[in-house]
Amino acid sequence: MEPREFYIEDRLERYRTTAPCNLGESGIRNLTYGELLRRLEISSEELNAISLEDSPNRGDAVLREEIAKLYPGIRPEEVLTTTGTGEALYILFQLLCDRGSSVSYFSPAFQALYEIPKLCGARLFPVSVLSSASRRETSFVSSDLIGELFRAGKDLAIVNHPHNPTGLSFDGETVRAIREESLRHEGWILFDEHYRFLDYQNELSWTGAGLNPKSVATGSITKCFGVMGLRIGWMVGPVSLIERARSFKDYLTHTVSPISEFLTLKILRKRKELSERIRADLLSNIRYFESNWKKLPGLKEFVPPGGGVVSFAPLKKDIDSSEYADFLMKHCGVFVLPGRDFETEGWVRIGFGETPERFREGIDRWKDLRL
Ligand SMILES: Cc1ncc(COP(=O)(O)O)c(C=O)c1O
């Protein structure tokens, strides 16, 4: 058995490097190596001293210590580094899903979150959060929906937070509901926290790591800091699960690149300073979009993201999302992802990670379009 094609990837591959205004990406515009070294103040002596031997397959010990500090009460032995969050997710689904397992998730969703469980034979229970995504505030998911997520995902409930593609980032009431439900839940809970460094209320968004003995969280620096090519991700969970995942990883990438690990450590140590500038650019783009979206032909509504880099916006009646995305790219060089790639017709995903100059130019060209 093989997974279906990864719908968003084809379009991303076609346009991510050529689009004059890239709003298709779920990360910020990537830095050059030189720019990263400058921002991190790394000398060539330090780089020259990196050994190219294989890292430990759990991940470099100092890096795991630094990652553990991001999670209250978590020890380094509860951390495993992986090649991208994609590898962490793949391993966890293989370990936590069996044929017939009940797996629930908030939908629409990043496709790997349900495609890989399906590949493992799981029964899928999507719980739509579109009603929350079209409210004025993107921080609230009702306790009914959370109850449904935990009831349906008897074996595994997946919580992606901040959420891709809607930009939902949970408030205190939603977090309380998750905590309460998790106490009654007998199965596993997976928190995909890929955008945890980009919450617009807090320095780090809330984490589900350590919530109960069967909770596991994944994380990454790649999209939040504009270093997608470093491919570093991780998982945080109970030691017994981390040990099984470490053993599984021996059959996949086995270890991650020591150069990427070194740079990730430096990024984490300087994350507050780096984030300030990134947030300022993102918020400037989000505000510009907020004050202009009513002039963009085709959009029905817009709710700014509470966290992460993207929002999911509904289109006016009968507009086909793929045709709309093609039209935008062709006539004003603005690249957005159609809702169809998230198996949700009638919406588009808009990313805010473009540089402010290119973002404004793109939005201004979009405003001038006639459908
Ligand atoms: C919610 C979510 N989880 C996981 C991933 C995969 O991350 P990575 O590129 O680190 O493998 C992504 C990438 O966009 C994502 O949006």
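How much space lies in the largest cavity? Here are a few notes on this predicted model, starting with that point.

1. The largest cavity holds about 50 Å³ of space. Its lining is made up of L31, L36, R39, F225, V227, I267, L274 and I278. Helix 2 (33–40) and helix 12 (271–292) are the elements that each give two or more residues to this lining. Sorted by class, the lining has seven nonpolar residues, one charged residue and no polar ones.

2. The count of cavities of 30 Å³ or more comes to two.

3. Now to the ligand, which sits in the largest pocket. There are 14 residues around the ligand, and T85, G86, N164, D192 and K223 come nearest. Helix 5 (residues 84–96) supplies the largest share of this shell, with four residues. By class, the shell has eight polar, three nonpolar and three charged residues.

4. T85 has a backbone N or O atom 2.8 Å from an oxygen atom of the ligand. For G86, a polar backbone atom is 2.8 Å from a ligand oxygen. With N164, a polar side-chain atom lies 2.8 Å from an oxygen atom of the ligand. Of the 390 Å² of accessible area that the ligand has on its own, the protein covers 94%.

Terms used. Residues are numbered from 1 along each chain as its sequence is written. This is a predicted model: local features need pLDDT of at least 70, side-chain atom pairs count only at pLDDT 80 or more; totals for chains, interfaces and linings use all residues. Side-chain values use heavy atoms; hydrogens and water are left out. A residue is near a molecule or strand if one of its heavy atoms lies within 4 Å of it. A polar contact is a pair of N or O atoms within 3.5 Å; within protein, one must be able to donate a hydrogen and the other to accept it, and residues adjacent in sequence count only if both atoms are side-chain atoms. Accessible areas come from the Shrake-Rupley method with a 1.4 Å probe; for residues, only the protein chains shown count as cover. On a 1 Å grid over the protein atoms alone, a cavity is a set of points where a 1.4 Å probe fits but cannot get out, and a pocket is an open set with protein on both sides within 12 Å along at least five of seven lines; lining residues have an atom within 4 Å of a point. A molecule sits in a cavity or pocket if more than half of its atoms lie within 2 Å of its grid points. Ala, Val, Leu, Ile, Met, Phe, Trp, Tyr, Cys and Pro count as nonpolar, Asp, Glu, Lys and Arg as charged, and the others, Gly among them, as polar. Grid points are joined across faces, edges and corners, and a volume is the space filled by probe spheres set on the points.
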